[in-house]
Amino acid sequence: MAQHGHSEACCSVPPSKHDYKEKGSYFEIDGMKTYKTGPSTATSAILIIYDIFGFSPQTLQGADILAHADDEHHQYQVFVPDLFYGKPADHSWYPPDTKEKGEKLGAFFQGPAAPPKTAEKIPKIVKEIEGKTGGTIKKWGGLGMCWGGKIISMTSTEGTVFSAVAEVHPAMVDPKDAEGITIPICMLASGEEDKEAVAAFEKNLKVKNHVETYHDQVHGWMAARGDLKDENVRKEYERGYKKLLDF
């Protein structure tokens, strides 16, 4: 069974507040404000496709973890482009318990957050980043969060710019997408994703993969909905990022 819409949590639960001072800096890529972190000499890079809340502190902290947690063995340049051009999903739309809120959220998913429109941009973004980083990057990985997970599935097919990818608490999980994926993939699901869709997605994969469900975590625990003041959430947030690095 395909999870055609976003998970119930994705469309009903607001993001969690979190204070974090990012370690990186910002520059412009294809007209988009883009977060960059990690050593500029690193030859491997990771493109993060965030969730619908954009530059959340938890997402930027995750980017910094990926960029710096394994400095001794492997270094990464990590980039987070602002695919919504400064206009992510508004926190005031949550929960979408009125007609007006629901309409605004629906228009967002059909407009700025329409997956095909975003997927088309990814190769161009990667190419422009390579041009602005002096040709140091030789290999790319991709990470999609929630909504971004769908974009990763769509851009990991034949001819992809990525060498390996990951999806965390992915939205719109469709087992048919798995059939076309041609590179290694790691999927970390929460306890709120459609279990049947996740299992069928894993079954349809024909490439090296790691699919794991964090049953006690909410949709979005590694991004905007991660309540990192909660000890268990913080532990599983950190374990999730370690799993991505190990993969």
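Predicted model: local features only at pLDDT ≥ 70, side-chain atom pairs only at ≥ 80, totals over all residues.
Close-up 1. The crossing of α1 past α7 is right-handed. On the α1 side, the contact involves Gln 58, Gln 61, Gly 62, Ile 65 and Leu 66. These residues meet Tyr 237, Tyr 241, Leu 244 and Leu 245 of α7. Sorted by class, the contact of α1 with α7 holds six nonpolar and three polar residues, with no charged residues.

**Close-up 2. Helices α3 and α4 pack at an angle of about 60°.** Helix α3 runs over residues 115–132, and helix α4 over residues 147–154. The two axes lie 9 Å apart. The crossing of α3 and α4 is right-handed. From α3, the contact is made by Pro 115, Pro 116, Thr 118, Ala 119 and Ile 122. From α4, Trp 147, Lys 150, Ile 151 and Met 154 take part. The contact of α3 with α4 has seven nonpolar residues, one polar residue and one charged residue.

**Close-up 3. The largest pocket holds about 420 Å³ of space.** Its lining consists of 21 residues. Nearest the centre of the largest pocket lie Tyr 76, Gly 141, Ala 164, Leu 244 and Phe 247. By class, the lining has 14 nonpolar, five polar and two charged residues.

**Close-up 4. Strands and a helix contribute to the lining of the largest pocket.** At least two lining residues come from each of β3 (44–49), β5 (139–145), β6 (164–168) and α7. Strand β5 gives the most, with five residues. Helix α7 also packs against α1, where Leu 244 is one of the α7 residues in the contact. Leu 244 is likewise among the residues nearest the centre of the largest pocket.

Notes:
Residues numbered from 1 in each chain as written. Heavy atoms only, no water. Left-handed = near helix turned anticlockwise from the far one by under 90°. Helix = DSSP H or I, 4+ residues; strand = E, 2+ residues; numbered from the N terminus. Contact = heavy atoms within 4.5 Å. Nonpolar A, V, L, I, M, F, W, Y, C, P; charged D, E, K, R; others polar. 1 Å grid on protein atoms, 1.4 Å probe; cavity = no way out; pocket = protein on both sides within 12 Å on 5 of 7 lines; lining within 4 Å. Points joined across faces, edges and corners; volume = space filled by probe spheres on them. Axes fitted to C-alpha atoms, helices over the stretch in contact; angles between N-to-C directions.
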